[in-house]
Amino acid sequence: MTKTWNNRAWFFVLPVLLLVAFNAIIPLMTVVNYSVQETFGNNLFFFEGTKWYEAVLASERFHGALLRQFMFTGIILLIEVPLGVAIALTMPRSGPWVSVCLVLMALPLLIPWNVVGAMWNIMALPDIGLLGYGLNKLGIPYNFTRQPFSAWFTVVLMDVWHWTSLVVLLAYAGLRSIPEAYYQAAKIDGASRFSVFRFIQLPKMNRVLTIAVLLRFMDSFMIYTEPFVLTGGGPGNSTTFLSIDLVKAALGEFNLGIAAAMSIIYFLMTLLVSWIFYTLMTRGEEQ
Amino acid sequence: MARIDLDNIRHAYMPAPKRDEDFALKRVHHTFDDGGAYALLGPSGCGKTTLLNIMSGLLRPTEGKILFDGRDVTGLSTEERNIAQVFQFPVVYDTMTVYDNLAFPLRNRGVAADEIDRRVTETLAMIGLAERARQKARGLTADDKQKIALGRGLVRSDVSAILFDEPLTVIDPHMKWVLRSQLKELHRRFSFTMVYVTHDQTEALTFADQVVVMNEGEIVQIGTPEELFERPNHTFVGYFIGSPGMNVLPVVLDGAVARIGSHVMTLPGATGPVGAQRTELGIRPEYVRIGREGIPVTVERVEDVGRRKIVHASIDGHPLAAIVPEDEAVPAEPHVRFEPAGINVYADSWRMDLGEAS
């Protein structure tokens, strides 16, 4: 059989190319385009070079949002990863309760993000919400629309409630993949419960935890919907994370140049930090 | 080191076993002598791993007692029994170095640091991993990992016994042979009580002084490799050991005469009165001689396996294998004779003693 050479086969790639072009390349290039130009409306654009980038990088407002963003991501990673692992460790390894646990764990992940925000908003209302009312009744002054600390507490709690399950499911999958012989060998070697965790379970979960940390990092770094619905970035700017700030600049103030430059910086930052995480966490395995 | 007595052990994986079939281990009553090298041989699912896990304490038997040097340890945990076990897939602690892997069981037992160092260094030399001591266990080959797993047992010089659960399954054929000889050597030097589970007859026969053959949750025969080969106690042992396995032909017995279909042959001895439903004659292919005299057979095919040939024939439809030397031709009208030394007679699958021929 002879091979037929036919360049028309390239047409098969066309649909994908169109799709990628319209949902990734063109929008991204539009943003790049905006980020280096100034406009006063009427579709008139003037090239400005790196002016917007310099403005963004020098602005107090951006520094503030960036700092809050890193704090938020740091806090939820520090809570969700250990908590997720701890929950996964207490889940049964076999039996009818496994599916019950898995379904319970998957539930928060199935709820749309704006619904999560709305749920927690109602729950945290100081006068009628279960959480807000309860805390105030206990004598703890709590009002997430007035006190920055309460707002932070609520946003973090909401994210932990929403996303710890993801870490749990990944960690559980990692735990389940450990052959029974490892536990038997550990028993024979007289290992303590902590040693089993430290030398068997944790190393075996390494890979899935890398994925969990990466996913949670990227997702939380781009968080928008839930805090937007819950606090709208307030009180003041106290829960204005990067994406909320970006939307404010782009749609609230119609500062296209600033917003575009911020988007590009934001995008490169997410990419960079993810890459650093990935390299650091997989470095040990290549030896 | 210890003597291990299994006192009427029965085990079932289901909660309320009633019938005999419910038991994965039907009834095992046996003693493993101090310092012996034993193999538990049998097909998959015959209960050998169950028996091993009962000895190591990972499983608690449904019934029966287990004694180490006369002390009842049935209720004791693995750790208290002081047993070492090597599993089918090499278990190593990936993030530790080879040295730390071996030190781990000692550190868990609170042994003093200089004592740990002495024993680990000694064991590393024993298993030939001294140069790799500082290397992480993660990057090692499967056979080195299995050596570490073995080393973690050996390092505890006071272990009651070392149990092996098909430890060479994932090892390259060439390394299998090396590791097996090393095990044998270690056994000779330190005379640990070793129990080795396998479904590979070569492994069992080369490793052990005494082979325990199991089938369907029962011990069918315990013996030296020669005994298993020459005098299989049960037709199962005949089939299972040897390559090809023993020929088993249905016969009608009448004193010192056996009738195979319409053919008659003389046995080396007479059987007593036979009350069994089914009587059979067992003969290993090694003891079947092909020539011009004896019982006529039909040759179906000849398999050349290097220095010898396996002749697959049949007597009145019953298959019969024979081994002939490479250079010997099969005659045109083949007949077979059985060497008297290789003849065994079975009643309901169990071997009968043949008395002296009168």
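Colleague: Which residue in β14(B) stands opposite R259(B)?

Modeller: The residue opposite R259(B) is V264(B). This is a predicted model, in which local features need pLDDT of at least 70 and side-chain atom pairs count only at pLDDT 80 or more, while totals for chains, interfaces and linings use all residues. Residues are numbered from 1 along each chain as its sequence is written, with chains lettered from A and ligands numbered from 1 in the order in which they are written.

Colleague: How many bridges join strand β13 of chain B to strand β14 of chain B?

Modeller: Strands (E, at least two residues) and helices (H or I, at least four) are DSSP runs, numbered from the N terminus, and two strands pair if DSSP finds at least two bridges between them. Here 4 bridges join β13 (residues 257–260) to β14 (residues 263–266) of chain B, and the strands run antiparallel. Together β13(B) and β14(B) make a hairpin with 2 residues between them. In its turn, G261(B) has a positive phi of about 60°.

Colleague: Which residues form the covered face of strand β16 of chain B?

Modeller: In a regular strand the side chains alternate between the two faces of the sheet. In β16 (residues 288–291) of chain B, V288(B) and I290(B) form the covered face, whereas R289(B) and G291(B) form the uncovered one. The partner of β16(B) is strand β21 (residues 335–338) of chain B, antiparallel over 4 bridges. V288(B) has F338(B) in β21(B) as its bridge partner.

Colleague: How many residues has the largest nonpolar core?

Modeller: A nonpolar core is a set of buried Ala, Val, Leu, Ile, Met, Phe, Trp, Tyr and Cys residues joined through C-beta atoms within 7 Å. A residue is buried if 20 or more other C-beta atoms, placed from the backbone, lie within 10 Å of its own, exposed if 12 or fewer, and partly exposed in between. The largest core has 79 residues, and Y38(B), A39(B), L40(B), A161(B) and V195(B) have the most contacts inside it. Helix α3 (residues 98–108) of chain B gives the largest share of this core, 6 residues. A second, separate core has 22 residues, including V251(B) and V345(B).

Colleague: What does V195(B) touch?

Modeller: Two residues are in contact if their C-beta atoms, placed from the backbone, lie within 7 Å. Leaving aside residues up to four places away in sequence, V195(B) touches F32(B), Y38(B), L40(B), L52(B), M55(B), A161(B), L163(B) and F164(B).

Colleague: Where do the domains of chain B lie in its sequence?

Modeller: Domain bounds come from an automatic or database domain assignment. For chain B it gives domain 1 (4–235) and domain 2 (243–352). Their C-alpha centres lie 38 Å apart. The contact between them takes 5 residues from domain 1 of chain B and 9 from domain 2 of chain B.

Colleague: How many residues of chain A are in contact with chain B?

Modeller: 16 residues of chain A are in contact with 21 residues of chain B. On the chain A side, α8 (180–188) and α9 (193–221) each supply at least two residues. The largest share, 6 residues, comes from α8(A).

Colleague: How many helices and strands has chain A?

Modeller: Chain A has 12 helices and 2 strands, in the order α-β-β-α-α-α-α-α-α-α-α-α-α-α from the N terminus. Its C-alpha atoms fill a box of roughly 80 × 75 × 35 Å along the principal axes. Of its 287 residues, 28% are buried.
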